[in-house]
Amino acid sequence: MSQKLEAKNVNVFYDQTHVIKNVNLSVKANSVAAFIGPSGCGKSTFLRLYNRMNDLIEGFRKEGEVLLDGKDIYAKDLRVEDLRKKVGMVFQKPNPFPKSIYENVIYGLRIRGVNNKKLLDETVERSLRQAALWEEVKDNLKKSALALSGGQQQRLCIARAIATEPSVLLMDEPASALDPISSSKIEELIYELKTQYTIIIVTHNMQQAGRVSDTTAFFYLGELVEYDTTKKIFMNPSDVRTQDYITGRFG
């Protein structure tokens with residue numbers, strides 16, 4: 001598999017605070033990478049580098065390169081809008097818009113000016129099927145998305161993210177606000193989606209990371225302590241801090 005995402009000597013500062021420290025990391029195409037580590041370790045900040053959401057934070061400054069398909073996503077001639085067509089994002093809490101299920105899914109296409117009804121209809125069905133939600137909502141597409149359960153709302157947000165056909169999906173604690181059954185559905189979905197997308201998931205749930213990811217990165221105090229296959233990280237970590245975190249002995 002080729003490298004889909006690469007970070008080379010990446011440092012991130014918020015004003016004078018050094019929050020990401022010389023990280024080198026690559027993610028292969030059509031794989032799932034999990035970012036783990038204690039709160040405040042930098043994993044979500046690092047995740048947001050890939051769709052440039054940190055640009056919106058006052059005092060943000062980056063050094064080093066972040067590449068998507070070998071191209072620097074921070075290049076001056078790259079439009080952030082074009083980047084975000086390629087990199088979808090799913091947040092911790094489901095955030096459907098106060099619109100119908102149908103309009104939620106095609107929101108990204110609407111703002112691009114797409115009005116072809118046949119194309120929109122096909123996109124809605126394809127995306128909802130990929131998000132394992134079609135059978136539950138196909139007869140109620142005009143219903144408000146806010147009437148769905150929390151788990152259904154999160155799968156709808158995934159459908160919305162993939163409707164624009166990105167190649168990368170970023171997921172920041174996508175199941176942490178959900179009940180165990182809904183969390184399990186999200187995990188199954190991640191496993192299925194990696195055949196078409198490269199996925200990065202930030203999670204505090206060790207078991208979840210173990211179940212869904214191919215590789216795992218352990219962050220601590222802004223440093224990438226260890227990055228390897230998930231099996232290696234969980235069965236035979238090379239750094240004592242990783243071992244203590246995974247076994248719950250982290251102090």
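Reply: Start with Arg 160, which sits in helix α7, residues 150-162. Helices here are DSSP runs of H or I with at least four residues, strands are E runs of at least two, and both are numbered from the N terminus. This is a predicted model, where local features need pLDDT of at least 70, side-chain atom pairs count only at pLDDT 80 or more, and totals for chains, interfaces and linings use all residues. Residues are numbered from 1 along each chain as its sequence is written, and side-chain values use heavy atoms, with hydrogens and water left out.

Arg 160 is buried but has no salt bridge. Buried means under 20% relative accessible area, exposed over 50%, and partly exposed in between (1.4 Å probe, protein chains only). A salt bridge puts a side-chain nitrogen of Lys or Arg within 4 Å of a carboxyl oxygen of Asp or Glu. For Arg 160, the nearest side chain of opposite charge is Glu 103, 11 Å away. Lys and Arg count as positive, Asp and Glu as negative; His and the chain ends are not counted.

What does the side chain of Arg 160 join in a polar contact? The partner is the side chain of Asn 95, at 3.0 Å. A polar contact is a pair of N or O atoms within 3.5 Å; within protein, one must be able to donate a hydrogen and the other to accept it, and residues adjacent in sequence count only if both atoms are side-chain atoms. Leaving aside neighbours within four places in sequence, Arg 160 is in contact (heavy atoms within 4.5 Å) with residues including Pro 96, Phe 97 and Tyr 107.

Now take Arg 155. Its side chain meets Glu 136 in a salt bridge of 2.8 Å, N to O. This pair links distant parts of the chain, helix α7 and helix α6, 19 residues apart. Arg 155 is buried at 5%, whereas Glu 136 is partly exposed at 36%.
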